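I opened this notebook to record what I looked up in one structure.

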Amino acid sequence: MISHLNISKATPADIDGVLDLQRKYLVSNLTLPAQKDGFVTTPFTIEQIEQVMLEDGLFIAKHENEVVAYIFAGSWAYFNQWPIFPLMTKRFANLTFKNTSISVHNSFQYGPICIDKAYRGTGLLNKIFEYMRLNLQPKYPISITFINKINGRSIKAHTEKLKWATIDEFEFNGNHFLMLAFDMNISVL
């Protein structure tokens, strides 16, 4: 199934498809039982999508003309427009990963990632992540993300399939999160 997919950086023509996929899996649009299959928490506007594309930070997988997966990835300057990210970057002063101090200069924010339910478990996660990794590895040696502790599917996918390491836990707006790090020199294929 994934051999028929086209993985690339997003273009302006892909914005509607990204918004459609986001709407389908946004936590606020899902029932509690549906949330167990995974969800995204950050709703991006058209302007925010255009901004991240200027950083070459939006990666997609398409089947025919439909966006079936996306990964957002960008600088901390881009992501600081949401209140959770300044909280995360303040915590960097006390965090290391593989004996390296984490900073806003040697890391970037990865995520959210969203994969249509029909394509989960097909190997697409590793393929789209590897495409993103190869594009951003020359600029950033470390990737950082956070996952809500109630999103067990995402935690399992990232720690087991992609081998992310948990480096911190924190609370924000009454939710409990894990902060994870990834060595951008390691292939996931």
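**Entry 1**

I looked up Asp 56 and noted it as partly exposed, at 41% relative accessibility; buried means under 20% relative accessible area, exposed over 50%, and partly exposed in between, with a 1.4 Å probe and protein chains only. I note that this is a predicted model, in which local features need pLDDT of at least 70 and side-chain atom pairs count only at pLDDT 80 or more, while totals for chains, interfaces and linings use all residues. Residues are numbered from 1 along each chain as its sequence is written, and side-chain values use heavy atoms, with hydrogens and water left out.

I then asked which residue forms a salt bridge with Asp 56. The partner is Lys 9, and the closest N and O atoms are 3.9 Å apart. A salt bridge here is a side-chain nitrogen of Lys or Arg within 4 Å of a carboxyl oxygen of Asp or Glu. Lys 9 lies in strand E1 (residues 5–9) and Asp 56 in the loop between helix H3 (46–54) and strand E2 (58–63), so the pair ties together parts that are 47 residues apart in sequence. Helices (H or I, at least four residues) and strands (E, at least two) are DSSP runs, numbered from the N terminus. Lys 9 is also partly exposed, with a relative accessible area of 29%.

I also recorded the backbone of Asp 56: its phi is positive, at about 55°, although the residue is not a glycine.

**Entry 2: Further salt bridges**

I found 8 salt bridges in the structure. One of them joins the side chains of Arg 91 and Asp 168, at 2.5 Å from N to O. This pair links distant parts of the chain, with Arg 91 in helix H5 (residues 84–91) and Asp 168 in strand E8 (residues 165–172), 77 residues apart. Arg 91 is partly exposed at 29%, whereas Asp 168 is buried at 14%.

I next examined Glu 130, which forms a salt bridge with Arg 133 at 2.7 Å between the closest N and O atoms. The two are separated by about one helical turn because they lie 3 residues apart in helix H6 (residues 124–136). Glu 130 is buried at 6%, and Arg 133 is buried at 7%.

**Entry 3: Backbone geometry**

I looked up Asn 173, a residue other than glycine with a positive phi near 50°. Asn 173 sits in the loop between E8 and strand E9 (175–183) and is exposed, at 66% relative accessibility.

Where is the cis peptide bond that I recorded? It joins Gly 111 and Pro 112, with omega about 10°. Pro 112 belongs to strand E6 (residues 107–115).
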